[in-house]
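Have the picture open as you read.

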Amino acid sequence: MDLSDAYANGPFIAHADSYPPRWADAAARLRADMAADGRLREGLSYGPGGRNRFDLVLPIDTPRGLLVFVHGGYWMTFGRADWTHLAGGATARGWAVALPSYDHCPDVRIADITLQIAMAVMAAAVEVSGPIRLAGHSAGGHLVARMLAPGMLPEAVAGRVDHVMPISPLADLRPLLQTQMSQTLRLDPDEAWAESPVAMAPPQVPVTVWVGGDERPAFVDQARWLSQAWGCPLVIDEGRHHFDVIDGLADAASPITARLLD
(Lines give C-alpha, C1' and ligand atoms only; values in the text may rest on other atoms or scores of the structure.)
Protein backbone atom coordinates (compact mmCIF):
# COMPACT_ATOMS: atom_id res chain seq x y z
CA MET A 1 0.00 0.00 0.00
CA ASP A 2 1.33 3.45 -0.96
CA LEU A 3 0.89 5.79 2.01
CA SER A 4 2.23 8.90 0.26
CA ASP A 5 -1.19 10.53 0.24
CA ALA A 6 -1.75 9.80 3.94
CA TYR A 7 1.41 11.73 4.85
CA ALA A 8 0.91 14.63 2.43
CA ASN A 9 -0.18 17.83 4.16
CA GLY A 10 -0.19 20.64 1.62
CA PRO A 11 -2.86 19.24 -0.72
CA PHE A 12 -5.31 19.14 2.17
CA ILE A 13 -4.70 22.64 3.59
CA ALA A 14 -6.39 25.65 2.05
CA HIS A 15 -3.91 28.13 0.53
CA ALA A 16 -1.02 25.91 1.63
CA ASP A 17 1.39 27.73 -0.69
CA SER A 18 0.91 30.92 1.29
CA TYR A 19 2.37 29.52 4.48
CA PRO A 20 6.12 29.35 3.70
CA PRO A 21 6.34 33.00 2.53
CA ARG A 22 4.23 34.04 5.51
CA TRP A 23 6.58 32.22 7.87
CA ALA A 24 9.61 33.73 6.16
CA ASP A 25 8.19 37.24 6.43
CA ALA A 26 7.30 36.88 10.11
CA ALA A 27 10.71 35.36 10.85
CA ALA A 28 12.53 38.18 9.03
CA ARG A 29 10.61 40.83 10.96
CA LEU A 30 11.43 39.30 14.32
CA ARG A 31 15.06 38.78 13.32
CA ALA A 32 15.36 42.45 12.41
CA ASP A 33 13.78 43.56 15.68
CA MET A 34 15.93 41.24 17.79
CA ALA A 35 19.11 42.14 15.91
CA ALA A 36 18.42 45.85 16.46
CA ASP A 37 18.08 45.19 20.20
CA GLY A 38 21.21 43.02 20.32
CA ARG A 39 19.12 39.99 21.29
CA LEU A 40 19.88 37.79 18.26
CA ARG A 41 23.08 35.76 18.04
CA GLU A 42 23.21 34.21 14.59
CA GLY A 43 25.01 31.18 13.21
CA LEU A 44 26.55 29.75 16.37
CA SER A 45 28.42 26.56 15.57
CA TYR A 46 27.62 23.15 17.02
CA GLY A 47 29.51 21.00 14.50
CA PRO A 48 31.82 21.01 11.49
CA GLY A 49 29.23 21.20 8.69
CA GLY A 50 27.91 24.35 7.07
CA ARG A 51 24.41 23.65 8.35
CA ASN A 52 25.61 22.74 11.84
CA ARG A 53 24.58 26.14 13.16
CA PHE A 54 21.97 27.54 15.50
CA ASP A 55 20.56 30.96 16.23
CA LEU A 56 20.05 32.09 19.80
CA VAL A 57 17.26 34.57 20.55
CA LEU A 58 17.52 36.20 23.98
CA PRO A 59 14.89 37.74 26.25
CA ILE A 60 15.27 41.25 27.64
CA ASP A 61 16.48 40.09 31.06
CA THR A 62 18.59 37.16 32.25
CA PRO A 63 16.99 34.02 30.77
CA ARG A 64 14.79 31.85 32.96
CA GLY A 65 16.05 28.91 30.95
CA LEU A 66 16.55 27.58 27.43
CA LEU A 67 13.99 26.42 24.87
CA VAL A 68 15.34 24.52 21.87
CA PHE A 69 12.90 24.48 18.94
CA VAL A 70 13.58 22.01 16.12
CA HIS A 71 11.81 22.62 12.82
CA GLY A 72 10.14 20.10 10.55
CA GLY A 73 10.06 19.57 6.80
CA TYR A 74 10.40 15.77 6.66
CA TRP A 75 14.15 16.07 7.42
CA MET A 76 14.52 17.50 3.90
CA THR A 77 13.72 21.24 3.94
CA PHE A 78 13.88 24.52 5.87
CA GLY A 79 16.47 25.94 8.24
CA ARG A 80 16.85 27.96 11.40
CA ALA A 81 16.09 31.37 9.83
CA ASP A 82 12.64 30.25 8.64
CA TRP A 83 11.23 29.95 12.16
CA THR A 84 12.64 32.81 14.23
CA HIS A 85 9.14 34.24 14.80
CA LEU A 86 8.24 31.16 16.83
CA ALA A 87 10.70 32.35 19.49
CA GLY A 88 8.42 35.31 20.22
CA GLY A 89 6.23 33.63 22.82
CA ALA A 90 9.07 32.12 24.83
CA THR A 91 11.29 35.21 24.82
CA ALA A 92 8.36 37.31 25.99
CA ARG A 93 8.10 34.89 28.92
CA GLY A 94 11.79 35.33 29.71
CA TRP A 95 13.24 32.24 28.01
CA ALA A 96 16.14 32.11 25.57
CA VAL A 97 15.38 30.18 22.38
CA ALA A 98 17.84 28.20 20.27
CA LEU A 99 16.82 27.32 16.70
CA PRO A 100 19.17 24.86 14.99
CA SER A 101 19.56 24.01 11.34
CA TYR A 102 20.66 20.53 10.32
CA ASP A 103 21.79 18.67 7.24
CA HIS A 104 19.05 17.35 4.98
CA CYS A 105 18.28 13.97 3.52
CA PRO A 106 19.45 12.50 1.19
CA ASP A 107 22.85 14.05 1.98
CA VAL A 108 22.67 12.38 5.38
CA ARG A 109 20.44 9.80 7.02
CA ILE A 110 17.82 10.47 9.69
CA ALA A 111 20.05 8.86 12.32
CA ASP A 112 22.77 11.38 11.44
CA ILE A 113 20.33 14.26 11.92
CA THR A 114 19.35 12.90 15.32
CA LEU A 115 22.99 13.05 16.40
CA GLN A 116 23.32 16.56 14.98
CA ILE A 117 20.38 17.79 17.07
CA ALA A 118 21.94 16.24 20.16
CA MET A 119 25.10 18.23 19.40
CA ALA A 120 23.01 21.37 18.93
CA VAL A 121 21.27 20.91 22.28
CA MET A 122 24.62 20.41 23.98
CA ALA A 123 26.10 23.52 22.38
CA ALA A 124 23.07 25.66 23.23
CA ALA A 125 23.14 24.40 26.81
CA VAL A 126 26.61 25.89 27.19
CA GLU A 127 25.29 29.32 26.20
CA VAL A 128 22.31 29.44 28.60
CA SER A 129 22.04 28.14 32.15
CA GLY A 130 18.95 26.84 33.89
CA PRO A 131 16.25 24.37 32.85
CA ILE A 132 15.93 23.18 29.27
CA ARG A 133 12.69 22.65 27.36
CA LEU A 134 12.60 20.94 23.97
CA ALA A 135 9.91 21.43 21.33
CA GLY A 136 9.81 20.32 17.72
CA HIS A 137 7.29 20.17 14.91
CA SER A 138 6.65 17.18 12.63
CA ALA A 139 10.12 15.79 11.82
CA GLY A 140 11.33 18.15 14.53
CA GLY A 141 8.89 16.46 16.90
CA HIS A 142 10.59 13.18 16.09
CA LEU A 143 13.99 14.72 16.74
CA VAL A 144 13.20 16.21 20.15
CA ALA A 145 11.57 12.95 21.23
CA ARG A 146 14.74 11.12 20.26
CA MET A 147 16.73 13.36 22.62
CA LEU A 148 15.18 11.36 25.47
CA ALA A 149 16.86 8.11 24.41
CA PRO A 150 19.27 6.89 27.09
CA GLY A 151 22.75 8.27 26.50
CA MET A 152 21.69 10.60 23.68
CA LEU A 153 22.59 13.64 25.78
CA PRO A 154 25.30 13.72 28.46
CA GLU A 155 23.90 13.54 31.97
CA ALA A 156 24.87 17.14 32.73
CA VAL A 157 22.58 18.27 29.92
CA ALA A 158 19.92 15.55 30.12
CA GLY A 159 19.46 16.35 33.80
CA ARG A 160 18.42 19.89 32.92
CA VAL A 161 15.69 18.84 30.48
CA ASP A 162 12.41 19.08 32.35
CA HIS A 163 9.72 19.15 29.64
CA VAL A 164 9.59 17.98 26.02
CA MET A 165 6.80 18.78 23.56
CA PRO A 166 6.71 16.82 20.28
CA ILE A 167 4.22 18.74 18.10
CA SER A 168 2.53 16.68 15.36
CA PRO A 169 5.46 14.27 15.64
CA LEU A 170 6.51 11.40 13.45
CA ALA A 171 6.79 8.80 16.18
CA ASP A 172 6.78 5.53 14.22
CA LEU A 173 8.80 5.81 11.02
CA ARG A 174 7.85 2.45 9.60
CA PRO A 175 4.82 3.76 7.64
CA LEU A 176 7.14 6.13 5.80
CA LEU A 177 8.73 3.09 4.16
CA GLN A 178 5.52 2.93 2.10
CA THR A 179 5.78 6.51 0.82
CA GLN A 180 7.51 7.93 -2.20
CA MET A 181 9.74 10.04 0.04
CA SER A 182 11.38 6.95 1.51
CA GLN A 183 13.96 6.90 -1.29
CA THR A 184 15.02 10.48 -0.53
CA LEU A 185 15.11 9.68 3.17
CA ARG A 186 17.18 6.56 2.39
CA LEU A 187 15.09 4.83 5.01
CA ASP A 188 15.33 1.07 5.56
CA PRO A 189 13.36 -1.13 7.97
CA ASP A 190 16.14 -1.32 10.57
CA GLU A 191 16.67 2.42 10.73
CA ALA A 192 12.95 3.12 10.63
CA TRP A 193 12.45 1.15 13.83
CA ALA A 194 15.68 2.20 15.53
CA GLU A 195 14.78 5.86 14.95
CA SER A 196 11.14 5.52 16.06
CA PRO A 197 10.41 7.15 19.43
CA VAL A 198 7.63 4.60 20.02
CA ALA A 199 10.36 1.94 20.17
CA MET A 200 12.06 3.73 23.08
CA ALA A 201 11.42 3.04 26.74
CA PRO A 202 9.09 5.63 28.26
CA PRO A 203 11.24 8.52 29.49
CA GLN A 204 11.23 9.89 33.02
CA VAL A 205 11.09 13.48 31.76
CA PRO A 206 7.61 15.06 31.50
CA VAL A 207 6.36 14.96 27.89
CA THR A 208 3.30 16.55 26.29
CA VAL A 209 2.36 15.41 22.79
CA TRP A 210 0.49 18.11 20.86
CA VAL A 211 -1.37 17.72 17.56
CA GLY A 212 -3.95 19.66 15.57
CA GLY A 213 -7.49 18.37 15.50
CA ASP A 214 -7.78 19.09 11.78
CA GLU A 215 -4.56 17.31 10.81
CA ARG A 216 -4.37 14.34 8.50
CA PRO A 217 -5.51 11.18 10.31
CA ALA A 218 -2.01 9.73 9.95
CA PHE A 219 -0.55 12.54 12.06
CA VAL A 220 -3.25 12.26 14.71
CA ASP A 221 -2.48 8.53 14.81
CA GLN A 222 1.25 9.20 15.13
CA ALA A 223 0.65 11.55 18.06
CA ARG A 224 -1.66 9.06 19.74
CA TRP A 225 0.82 6.22 19.28
CA LEU A 226 3.53 8.21 21.04
CA SER A 227 1.21 9.22 23.87
CA GLN A 228 0.17 5.60 24.37
CA ALA A 229 3.71 4.21 24.12
CA TRP A 230 5.05 6.67 26.65
CA GLY A 231 1.98 7.07 28.87
CA CYS A 232 2.13 10.84 28.50
CA PRO A 233 -0.61 13.45 27.91
CA LEU A 234 -1.95 14.09 24.42
CA VAL A 235 -3.44 17.49 23.59
CA ILE A 236 -5.59 17.69 20.45
CA ASP A 237 -5.71 21.35 19.43
CA GLU A 238 -9.13 21.55 17.80
CA GLY A 239 -9.40 23.56 14.60
CA ARG A 240 -5.66 23.48 13.90
CA HIS A 241 -4.02 21.77 10.94
CA HIS A 242 -0.42 20.75 10.33
CA PHE A 243 0.72 24.18 9.18
CA ASP A 244 -0.92 26.42 11.78
CA VAL A 245 -0.66 24.16 14.83
CA ILE A 246 2.65 25.86 15.69
CA ASP A 247 1.41 29.44 15.33
CA GLY A 248 0.76 29.76 19.05
CA LEU A 249 4.46 29.47 19.85
CA ALA A 250 4.82 33.07 18.66
CA ASP A 251 2.33 34.22 21.31
CA ALA A 252 3.28 34.35 24.99
CA ALA A 253 -0.36 33.97 26.05
CA SER A 254 -1.28 31.02 23.83
CA PRO A 255 -2.24 27.64 25.32
CA ILE A 256 0.64 25.85 23.59
CA THR A 257 3.24 28.28 24.92
CA ALA A 258 1.74 28.19 28.39
CA ARG A 259 1.70 24.38 28.42
CA LEU A 260 5.30 24.20 27.24
CA LEU A 261 6.80 26.76 29.61
CA ASP A 262 4.61 26.90 32.74
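## A strand and its partners

Strand β3 (residues 66-70) runs parallel to strand β4 (residues 96-100), and three bridges join them. Strands here are DSSP runs of E with at least two residues, numbered from the N terminus, and two strands pair if DSSP finds at least two bridges between them. Across from leucine 67 you will find valine 97 of β4.

Strand β5 (residues 132-137) is also parallel to β3, joined to it by five bridges. Here phenylalanine 69 has alanine 135 of β5 as its bridge partner.

This is a predicted model, where local features need pLDDT of at least 70, side-chain atom pairs count only at pLDDT 80 or more, and totals for chains, interfaces and linings use all residues. Residues are numbered from 1 along each chain as its sequence is written, and side-chain values use heavy atoms, leaving out hydrogens and water.

## Buried or exposed?

Are the residues of β3 buried or exposed? Five of its five residues are buried, meaning under 20% relative accessible area with a 1.4 Å probe, protein chains only.

In a regular strand, side chains alternate between the two faces of the sheet. In β3, Leu66, Val68 and Val70 point one way, while Leu67 and Phe69 point the other way.

Conventions. Buried means under 20% relative accessible area, exposed over 50%, partly exposed in between (1.4 Å probe, protein chains only). Helices (H or I, at least four residues) and strands (E, at least two) are DSSP runs, numbered from the N terminus.
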